[in-house]
Amino acid sequence: MNAHSLKVLEYPKIIFLIKGNCLTPYGTEEADHIEPLFDKNIIEQKQNEISQMKDIINFGHPFPLYRMDDSLELLEKSKIPENYLEPKEILSVRNLLHISGELNHYDQENRDKFPLINQYLEKIRSFPELRKEIEKAINDEGEVKDNASSTLRKIRLELNETKRKITLKLEQILSRQSKQPGWQNDIITLRNDRYVIGIPTNQYRQNMGILHDRSQTGATFFVEPNDTVELNNRINILYQEERQEIIRILKELSTEIGLRSETLIENCHLIGKLDLIHAAAKFSNTIKGNQPVISDASVFNLLNVRHPLLIVQAKGIDRVVPNSINLDDVRQAILITGPNTGGKTVILKTIGLCILMAQSGLHIPVDEKSEVGIFRDIYADIGDEQSIELSLSTFSSHLQNIIQGLHNANENVLLLFDEIGVGTDPKEGSALAEAIILEALQKNARLVATTHYSQLKTLAMENPQLDNASLEFDRQTLTPTYHLHLGLPGASYAIEIAGRLGMPSSICRKASSLIGSEEKSLDHLIASLEEELKEIKKDKIELTEKLKKATELEEFYRTQTEHLKKEINTEKEKALTTTKDFLEQTRKEVEKLVRDIRKSQASQETVKAFHKKFRERKKTIEQQINKLSNTKSTNNALFNKGDTVEILSFHQQGEIEQLIGNDKAKVKVGNVYTTVELRNLAKLNKNSEDKNIAHSHFDLETNEAIPHEIHLRGMTVDEALEKLDKFLDRAIVNGLNQIYVIHGKGAGILRRTLTEYLKNHPDVASLRLGNWNEGGAGVTVVKLKE
């Protein structure tokens with residue numbers, strides 16, 4: 001990639017921010033090697049690794065990475081025979097072993113959810129036996145422990161005992177000294193690694209012992225009494241033996257480290273890769289990044305893209321305006337116009353920087369369905385690059401960058417030209433800019449350029465592969481909104497902005513009068529088109545919402561109709577079963593009567609009893625028929641056309657449009673008509689209707705049929721809980737067994753809140769995170785109780 005473009009697009013700043021997230025020196029070193037790539041498979045793999053690490057950070061167990069020192073030089077040093085590492089150096093290796101062990105054992109049960117990260121974790125060796133040996137010998141302060149070996153323990157015990165003896169001996173000598181004037185406190189100290197006592201200079205005698213030193217004031221001599229010479233000698237010998245034993249222990253540990261040094265060096269590189277992925281995932285969380293679709297073709301479709309550095313500066317995405325922009329085989333180039341300070345340069349930098357990041361395998365702040373192709377090179381001419389050292393004016397600097405870009409332009413190159421043709425005579429600059437744009441189109445290069453030249457705004461009419469775009473400007477507040485509109489050229493609003501910044505109104509009026517009539521007409525036309533576009537967008541949003549509600553209502557009544565059909569069939573089956581049971585019972589009783597008649601040889605009493613039983617059964621049947629007829633006629637008598645009723649099975653209010661026969665009615669619910677049995681209706685009086693209007697509207701909303709999934713991404717916790725609660729009610733009424741709650745990944749706050757709510761919901765049987773093919777950690781799968 002062109003080094004100049006990387007610099008002006010501020011690509012190094014992205015690398016710097018990612019390096020700041022690294023916890024290990026190995027990760028920082030890996031970050032130095034981040035660069036745009038050209039292999040689609042490698043790019044996708046790196047982005048997938050970051051996506052899986054984001055899931056771990058947001059939803060998994062804490063990832064075991066900590067700050068640590070660089071151990072690579074120490075590991076190389078441990079390979080040299082007879083060489084040894086110092087205790088604190090070995091402690092550094094111990095920390096490496098500790099992190100290696102934790103990574104090696106990290107979340108064994110759920111590794112199938114992050115297979116790419118698992119590939120690194122499986123390669124890391126832990127060496128728990130070596131770590132145990134180091135911890136046995138060296139403490140956390142980097143000192144060799146007493147129990148590092150039995151020999152060292154024995155030496156230190158004797159050393160402590162000898163120190164105790166010599167201290168006691170010196171105290172006894174001091175206590176026997178006569179305390180004459182000038183005698184200071186009894187002093188036992190060390191000089192030349194030997195225990196001595198302090199004696200005033202005027203009381204010193206040669207037979208007291210060996211003189212080692214005198215105080216800075218000269219008033220005190222430090223003397224080693226003759227009686228303690230042997231003890232001091234023994235202490236020095238023990239110190240030498242201690243040092244020899246420590247060196248032996250350190251050599252032994254260093255040898256063990258050296259035997260494993262190659263594997264430990266590989267561990268360092270693996271930890272570095274994981275640290276870099278972890279740092280990139282944290283940066284993705286910071287900028288609310290997503291993994292775009294990577295295309296082999298040199299195209300891009302950035303949906304709701306924001307500048308990542310602006311997000312970092314603003315500490316969130318809310319204060320950064322998103323825009324959508326794309327280039328493909330149909331739209332080869334875009335010419336952006338609009339006011340100063342309107343955001344044109346930011347758009348150019350956003351496009352270039354996000355493409356560089358995506359090709360480097362990083363996430364970018366766009367919607368998930370965004371697409372980024374692979375560009376072989378990007379040539380950016382942005383900002384004032386005047387160079388005194390190179391004797392280049394602003395115009396010359398711009399031209400050099402543009403010439404280089406045009407020289408290498410082809411279908412795999414992206415050109416980003418800011419204020420094309422500026423810095424010279426406007427007429428010549430405009431003509432030159434037009435020629436540059438046409439040359440880029442002829443070479444099939446992808447081009448995004450900004451300009452204030454009005455003459456260039458008509459180029460799109462003659463070149464269909466070139467499209468206009470503009471940055472929106474609010475004429476009421478005289479401030480830019482930073483919203484990009486494709487297909488519409490923009491005015492510069494220079495006079496309006498000058499007035500807002502304090503330019504005298506008389507000058508502004510004079511400037512307006514000096515503008516040519518053609519340019520005035522063009523600016524007015526553009527302003528008019530912008531206003532019309534706002535109205536069209538507003539109407540489009542309203543129509544979309546209405547269409548969505550109509551579609552949901554249609555689906556709801558389709559589902560309710562199916563439900564009603566099932567209910568009718570169920571009632572029919574129940575009626576048939578009742579009739580069948582009744583007939584079976586009658587058959588058995590008739591057979592019993594026949595047997596009794598035969599047995600009694602048709603005695604008069606038996607015949608009378610048979611007729612009596614038959615009349616009773618006939619009466620029972622007639623009563624049931626009369627009851628059913630009375631119910632139908634009663635039901636029919638209860639209802640009239642225009643009555644307000646409640647459909648009991650749906651808990652919906654409606655109005656009877658027509659009575660159908662003796663047992664059905666055509667009911668109007670909202671704008672929908674449905675046929676309902678009278679037994680499933682309850683008549684409402686006027687007062688009841690008034691009281692339940694709000695309830696009816698609520699039920700209609702909450703019982704609307706829905707798909708099996710609900711999208712809650714981008715909502716606040718309160719908004720998401722309210723919508724999910726209504727959705728669950730409708731899902732239960734519609735008889736759904738399983739639903740998908742799509743909440744996105746993000747920082748995990750919304751997912752945790754929704755999970756807690758669902759766990760406590762009485763109609764939820766179970767829930768789980770989605771599998772990789774269901775949306776992963778961005779989806780919760782909910783099983784409803786039957």
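1. In the contact between helix α9 and helix α10, Thr151, Leu152, Ile155, Arg156, Glu158, Leu159, Thr162, Lys163, Lys165 and Ile166 of α9 meet Leu231, Asn232, Arg234, Ile235, Leu238, Tyr239, Glu241, Glu242, Glu245, Ile246 and Ile249 of α10, where contact means heavy atoms within 4.5 Å. By class, this contact of α9 with α10 has 10 nonpolar, three polar and eight charged residues; Ala, Val, Leu, Ile, Met, Phe, Trp, Tyr, Cys and Pro count as nonpolar, Asp, Glu, Lys and Arg as charged, and the others, Gly among them, as polar.

2. The model is a predicted one, in which local features need pLDDT of at least 70 and side-chain atom pairs count only at pLDDT 80 or more, whereas totals for chains, interfaces and linings use all residues. Residues are numbered from 1 along each chain as its sequence is written, and side-chain values use heavy atoms, with hydrogens and water left out.

3. Two packed helices are described by the angle between their axes and the distance between the axes. For α9 (residues 150-176) and α10 (residues 229-259), the axes come within 9 Å and cross at roughly 160°, the axes being lines fitted to C-alpha atoms, for helices over the stretch in contact, with angles that run from 0 to 180 degrees between N-to-C directions. The two helices are therefore roughly antiparallel to each other, a term that applies to angles over 145 degrees, while those under 35 count as roughly parallel, 65 to 115 as roughly perpendicular and the rest as oblique.

4. The crossing of α8 with α10 is left-handed.

5. What is the arrangement of α2 and α11? The axes of α2 (residues 11-21) and α11 (residues 261-286) come within 8 Å and cross at roughly 115°, and that makes α2 roughly perpendicular to α11. Ile14, Leu17, Ile18 and Asn21 of α2 touch Leu276, Ala279, Ala280, Lys282 and Phe283 of α11, a contact with seven nonpolar, one polar and one charged residues. This crossing is right-handed.

6. Helix α6 (residues 87-104) has 18 residues, which at 1.5 Å a residue should span 26 Å, and its end C-alpha atoms are 25 Å apart, in agreement; the expected span is 1.5 Å times one less than the number of residues. Because 13 of the 18 residues of α6 are buried, this helix is largely enclosed by the rest of the structure. Buried means under 20% relative accessible area, exposed over 50%, and partly exposed in between (1.4 Å probe, protein chains only).

7. Most residues other than glycine have a negative phi. Asparagine 192, however, has a positive phi of about 55°, and aspartate 193 has a positive phi of about 65°. Asparagine 192 counts as exposed at 58% relative accessibility, and aspartate 193 is exposed with a relative accessible area of 58%.

8. The protein chain has 24 helices and 23 strands, which are DSSP runs numbered from the N terminus (helices H or I, at least four residues; strands E, at least two). Of its 786 residues, 42% count as buried.

Note on methods
A crossing is left-handed if the near helix is turned anticlockwise from the far one by less than a right angle, and right-handed if clockwise.
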